[in-house]
Amino acid sequence: MRNLLWKDFWQNSRVLLAVVIVAVGPYVVALVIGATQYFVSDPSLRSWTGPGGKACGAGMVLSVILAAFIGATAIAGERVDRSAEFAALLPIARRQSVASKAAIGVVSWLVLWMFNAMCVLSITWLIQAAHQTSSSYGVLIDTVLTMTMCGAVGVLLFGIAWLFSSLLNSPAIAAAAAIGTAATLATAVVSLRELLPKGPLSTPLLVCLIAIPTVGGLLSFAAGTVISLRRAEL
């Protein structure tokens, strides 16, 4: 199993490297802007929290979108370079092969999301400390809820991309199909939200907004796994 994990990791290493570069990009830009403000601008205008907050927001959005590309590459990536046909000839149990791909994909996305979540919590604490506000607990709760909702959408995107990856031979098409499906669902949710009374979201609605994408992603992941176990690569 260890050899399978290393094989899948190195096979997806280019995609994972691209994901890391894209995910780190906003923070690099924030550091450059912060350093420029520190050395060039007026001392009263110097602030690391402003660029940092924008970078964390962009990073969290990217962690959701990149889940589609990680999930789409997990299975279909082998079919692009024709290595799936070669792997099918090896004495490797299909369950172990699929489990290895799932482990690499899930762990990669979790690391990405947790990194952005830690950055968001850190910048939130710094902003609260800089402004010395008394509502830090409420802001922290709102931040955790936002991160949780982003994580739920990420699970949905990963699961749908995994499902399309088990059906298609192109990771790019699988990722695009997953993003398109999620965008359609998001449009439906926004349309329904406009029909509801204005005001803060109720607790049951918040639970639904977190639970429904998570369950949808897990069901899509399960369906993609069943298809991968039964599909013949030759």
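A: Let's start with helix α8, residues 203-230: at 1.5 Å a residue, its 28 residues should span 40 Å, and the end C-alpha atoms are 41 Å apart, so the two agree. Keep in mind that this is a predicted model. Along α8, the buried residues are L206, P213, G217, S220, G224, T225 and S228.

L167 and I227 lie 60 residues apart in sequence, yet their C-alpha atoms are 7.5 Å apart in space. Beyond its neighbours within four places in sequence, L167 is in contact with R79, I227 and R231. L167 counts as partly exposed because its relative accessibility is 45%, between the limits of 20% for buried and 50% for exposed.

The largest nonpolar core has 35 residues, and C56, M60, L112, L157, W162 and A178 touch the most other members. Helices α2, α3, α5, α6 and α7 each supply at least two residues of this core, with α3 giving the most, eleven.

Finally, have a look at the surface, where V20, V24, V28 and V32 form a nonpolar patch with about 300 Å² of accessible area together. V20 belongs to helix α2, and it counts as partly exposed because its relative accessibility is 46%. The general rule is handy here: an α-helix has 3.6 residues a turn, so residues three or four places apart point the same way.

Terms used
Residues numbered from 1 in each chain as written. Predicted model: local features only at pLDDT ≥ 70, side-chain atom pairs only at ≥ 80, totals over all residues. Heavy atoms only, no water. Core = buried A, V, L, I, M, F, W, Y, C linked by side-chain atoms within 4.5 Å. Buried < 20%, exposed > 50% of the residue type's maximum accessible area, 1.4 Å probe, protein only. Helix = DSSP H or I, 4+ residues; strand = E, 2+ residues; numbered from the N terminus. Patch = residues over 30% accessible without salt bridge, like charges linked within 9 Å, V, L, I, M, F, W, Y side chains within 5 Å. Areas by Shrake-Rupley, 256 points an atom, 1.4 Å probe, with all protein chains shown as cover. Salt bridge = Lys/Arg side-chain N within 4 Å of Asp/Glu carboxyl O. Expected span 1.5 Å × (residues − 1). Contact = heavy atoms within 4.5 Å.
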